[in-house]
Amino acid sequence: MAETPRNSRSQAYRRLSLAEKHDKFVNQYSRRTLFRVGAVSGAALAAGGVLLPGAAAASPGPMVLLNADKVAGSALRPFGRHIAYGADPSQQVVVSWQVPAAVTAPFIRIGTVPGDFSPPIQAEVRALTSQMSWQHPVEEVPPNSPKSITQYYLHARIDRLLPNTTYYYVVGHEGYDPAARLGEMASFRTAPAPGGDGTFTFTAFGDQGVGYNAVATSSLIAGLDPAFHLAMGDLSYALEGEGGHPEEDQYDARLWDSFFVQNEPVTAGIPWMMALGNHEMEGWYSEDGYGGVRARFTMPDNAWDGSTCIYSWRYQNVGMISLDGNDVCYNSPSNLDYTKGKQLKWLGKTLAAFRADPTIDFIVVYCHQCTYSTCHSNGAELGAQKDWAPLFDKYQVDLVLNGHNHIYERTDPIRAGKAVKKVPSRGTTDPVKDGTTYITAGGGGGSVSEFPAPDTYLGHETSNDSPVPMKYSERDGQDRTKKVTWSRVRFRGYSLVAVDVVAGTGTTPPKMDVRAISADGTLVDQIIVQRS
């Protein structure tokens, strides 16, 4: 996929908020009478809001389809299953999927024995309508195609599950019940209850896209069989452009279908916990650009009422925090400061609570934009360095993971913007003494970026003691560079991060074994994170 291009519009246009650009776009197209607000294919809309541009008022929630003209249910097979944990992964899971057209009574059936399923549990339908007039399809469109497409996303929240238990499930709807078709059965496992032994693995990458490189990294996840995966923004690249510019970003909504089908062999059984990237700022659907995300995904979103992909959760002894980097991003500023300080205030409270909890050994923060990176494609994010890094220092965050730059890069541990200790591959760092380690893992499959200095990684180390230029954007959009010494490992290639959380014993404290693995399975970096 193409790198994030700098927008060609004037600085005045760039300084508009996404909400202002969304309203401008809506007003422009409303005058052309291209949009109709109301029924979609005969559907009655609930009060949750309308995702069509041109609506009288934008809503943070997608519309909910109650009924519609239907194709026979027996002809419509569910696809694109993807699951996520709730804030308590030992009890809460959300199963999501798609159907090609409107269906009646969608459901999930679940059980702890293959084939022995519960009665149908009702699922929620979220319908997302996209006009063809503001899309740029990547595949040929027949001349008799409709003027809009509607994608139907279904979500089933399941609570009060048993901890550390494997569940089997099938999804269906009226006219299509696959309970007897074991080939359509999937499974997932809930987390052990908090206070378990604290031994598990999770994986992470950003910037995956759709294609054979993306298939390779997804297959790598399947081979590692982690407890969960962190998908750190710029997921499908259905949007090409900077993001947050509805008048000029190029977009094909159906690439999301390809994304979910591509990953279904993994996402149907391994929870993917997502963070927002700039390519998820789809300004056609809502004022904050996240209407499409709210239709497709269900994350815990427990930061405040109405937050989108800003949430905290824990998996045994690790506190996890998902942040929206668009809120502090000077590099692509469409949603800069859109939470009006809410996210920053919530982050401070959440970090304080996690660090005060004696049952939490490690804190991991994940987001899209890079707090620290020397890759010049998108650079480092000065807004994150100013707003978030002091809190990461204060509460001794152990690991910060992000994407955005399409490379792998690991810093030496950093405190107050400076490297504290040189940690080569196979070294050990103590966040209490040394500071926070930052990893950019943007090699999920979208494309590969460039470094201003040679690659240096496990088995291919190069001289790496000279300062390296870090590129960043000022708040006014002007680019600057600064020499830094904390860029320890750099790898240009498709890859992911795997973190093995290892329980402590009577004589040794718990640790995180952090590895970077290329798409062909080669180990390119490894460190131990262990607190004193």
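Guide: Two strands pair if DSSP finds at least two bridges between them. The model discussed here is a predicted one.

Visitor: What is the bridge partner of Arg-109 in β7?

Guide: The partner is Val-170. Arg-109 itself is found in strand β3, which covers residues 107–111. Strand β7 covers residues 166–172, and five bridges pair β3 with β7 in the antiparallel sense.

Visitor: Which strands make up the open sheet, and in what order?

Guide: The sheet has four strands, in the order β4-β3-β7-β8, with antiparallel pairing. At its edges stand β4 (121–122) and β8 (186–189); each has a single partner strand, so one side of each is left without a neighbour in the sheet.

Visitor: What holds the strands of a sheet together, in general?

Guide: Strands of a sheet pair through backbone hydrogen bonds, in either a parallel or an antiparallel manner.

Visitor: Back to Arg-109: buried or exposed?

Guide: Arg-109 is buried, because its relative accessible area is 17% and the cut-off for buried is under 20%.

Visitor: Which residues is Arg-109 in contact with?

Guide: Leaving aside neighbours within four places in sequence, the contacts of Arg-109 include Phe-117, Pro-119, Tyr-168, Asp-177 and Ala-179. Ser-118 is also one of these contacts, and its backbone oxygen lies 2.9 Å from a polar atom of the Arg-109 side chain.

Visitor: New topic: how many residues of α4 are buried?

Guide: In α4, 10 of the 13 residues are buried, so the helix is mostly covered. Among them are Leu-255, Trp-256, Phe-259, Phe-260 and Val-266. The buried residues of α4 also include Asp-257, Gln-262, Asn-263 and Glu-264.

Visitor: Where does α4 bend?

Guide: The bend is at Val-261 and amounts to about 30°; a proline, Pro-265, follows within four residues.

Visitor: What span should α4 have, and how far apart are its ends?

Guide: Helix α4 comprises residues 255–267, and at 1.5 Å a residue its 13 residues should span 18 Å. Its end C-alpha atoms are 17 Å apart, which agrees.

Visitor: Now Ser-518: which strand does it lie in?

Guide: Ser-518 lies in strand β27, residues 511–518. With a relative accessible area of 5%, Ser-518 is buried. The side chain of Ser-518 makes a polar contact, at 2.4 Å, with the side chain of Asp-520.

Visitor: What does Ser-518 touch beyond residues up to four places away in sequence?

Guide: Ser-518 touches Leu-220, Phe-491, Tyr-494, Ser-495 and Val-524.

Visitor: How many residues does the largest nonpolar core have?

Guide: The largest nonpolar core has 100 residues, and those with the most contacts inside it include Val-95, Tyr-169, Phe-228 and Trp-313. Strand β6 (residues 148–158) gives the most to this core, with six residues. Another core, of 33 residues, lies apart from it and has Val-328 and Tyr-438 among its members.

Visitor: How do β23 and β24 run, and how many bridges join them?

Guide: Strands β23 (residues 468–473) and β24 (residues 479–484) run antiparallel and are joined by six bridges. In β24, Val-484 is the bridge partner of Val-468. The two strands form a hairpin with five residues between them, and Gly-477 in the turn has a positive phi of about 95°.

Visitor: Finally, how many helices and strands does the chain have?

Guide: The chain has nine helices and 28 strands. Of its 532 residues, 61% count as buried.

Note on methods:
Residues are numbered from 1 along each chain as its sequence is written. This is a predicted model: local features need pLDDT of at least 70, side-chain atom pairs count only at pLDDT 80 or more; totals for chains, interfaces and linings use all residues. Side-chain values use heavy atoms; hydrogens and water are left out. The expected span of a helix is 1.5 Å times one less than its number of residues. The bend at a residue is the angle between axes fitted to the seven residues ending there and the seven starting there. Buried means under 20% relative accessible area, exposed over 50%, partly exposed in between (1.4 Å probe, protein chains only). A polar contact is a pair of N or O atoms within 3.5 Å; within protein, one must be able to donate a hydrogen and the other to accept it, and residues adjacent in sequence count only if both atoms are side-chain atoms. Contact means heavy atoms within 4.5 Å. A nonpolar core is a set of buried Ala, Val, Leu, Ile, Met, Phe, Trp, Tyr and Cys residues joined through side-chain atoms within 4.5 Å.
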